[in-house]
Amino acid sequence: MKALVYLLAILFIAASCDLLNSDSKSSDSIGGSTDIPINTVGTTFANNVVVGFNSYQGSIGITNVSSDGVATVKFQATIPANIPILQGIKPKYKDASGKLVCEWMFKMTDEGILDYNNKDHKPFVLVKYDGKVGDKYTLEKSDGTTIVREVVRKSSDDDFYWNGMIIKTIDVEQSSNIPGVENITYFCNHKFGVVAVRVNMEDGTKPQLNLVPSKY
């Protein structure tokens with residue numbers, strides 16, 4: 001079961017780091033201030049990976065924030081050798097010893113989140129907190145393919161249990177070309193950022209990565 005922790009983490013990275021493709025309409029900017037707690041150097045993100053009735057923990061952290069507010073988020077892990085699908089991870093995401101090393105680039109503001117983790121490192125909307133159900137954010141890549149994200153749900157009441165609280169979320173779905181993965185859903189909150197990532201598997205299982213920032 002420990003290998004599933006790495007699998008989920010890598011699927012999360014895949015959603016952000018151009019291992020997936022999708023289709024639809026585009027947006028590359030958000031407003032708001034980056035002077036918020038979750039967008040500062042030293043902020044860590046405790047994670048709880050839930051697979052069925054089992055759960056595991058790890059950590060992610062911001063190592064740098066540029067002058068224009070773009071945060072570098074670093075993740076490292078050993079890639080288990082007994083899961084064939086993971087042996088196809090691109091070399092650029094591995095260090096000399098074969099361990100997974102990935103740095104994500106995000107701009108987190110009080111109005112939404114951009115990521116820069118696609119093939120061309122273009123800014124791409126992950127979520128806008130004032131978005132509405134049906135809004136789509138699409139990035140056209142230099143290779144002619146597109147990545148699509150769509151707002152599929154937005155809470156009107158506090159209804160998402162997280163970190164001992166019940167909060168509102170705006171849920172953004174991204175399609176997947178990973179065998180066995182139907183799609184991936186990001187659950188976002190205007191104060192806490194991305195609070196969960198759910199991998200919806202074709203076999204009906206839904207492993208989930210829950211994120212809790214140390215500052216908010």
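Trainee: Which elements of the protein have the lowest and the highest mean pLDDT?

Mentor: pLDDT is the predictor's confidence in each residue, from 0 to 100. Helices (H or I, at least four residues) and strands (E, at least two) are DSSP runs, numbered from the N terminus. Here helix α1 (residues 2-16) has the lowest mean pLDDT, 53, while strand β10 (residues 165-167) has the highest, 97. Residues are numbered from 1 along each chain as its sequence is written, and side-chain values use heavy atoms, leaving out hydrogens and water. The model is a predicted one: local features need pLDDT of at least 70 and side-chain atom pairs count only at pLDDT 80 or more, whereas totals for chains, interfaces and linings use all residues.

Trainee: What is the mean pLDDT of the protein, and where does pLDDT stay under 50?

Mentor: The mean is 83, and 80% of the residues reach 70 or more. Contact means heavy atoms within 4.5 Å. Residues 1-5 stay under 50, and the model gives them ten contacts beyond four places in sequence. Residues 18-26 also stay under 50, with 45 such contacts.

Trainee: How many helices and strands does the protein have, and which strands does β12 join?

Mentor: There are one helix and 14 strands. Two strands pair if DSSP finds at least two bridges between them. Strand β12 (residues 181-189) is joined to strand β11 (residues 170-175) by six bridges, in an antiparallel arrangement. Eight bridges join β12 to strand β13 (residues 193-201), also antiparallel, and these two form a hairpin with three residues between them. Ile184 of β12 stands opposite Gln174 and opposite Val199 in β13.

Trainee: Why is β12 described as largely enclosed by the rest of the structure?

Mentor: A residue is buried under 20% relative accessible area, exposed over 50%, and partly exposed in between (1.4 Å probe, protein chains only). Eight of the nine residues of β12 are buried, so the strand is largely enclosed by the rest of the structure. In the protein, buried residues make up 48% of the 216 residues.

Trainee: Which residues touch the most other members of the largest nonpolar core?

Mentor: A nonpolar core is a set of buried Ala, Val, Leu, Ile, Met, Phe, Trp, Tyr and Cys residues joined through side-chain atoms within 4.5 Å. The largest has 44 residues, of which Met108, Ile113, Tyr186 and Val194 touch the most other members. Apart from that core lies another, of seven residues, among them Phe160, Ile167, Phe187 and Ala196. Leaving aside neighbours within four places in sequence, the contacts of Ile113 include Ile30, Phe106, Met108, Phe124 and Val194.
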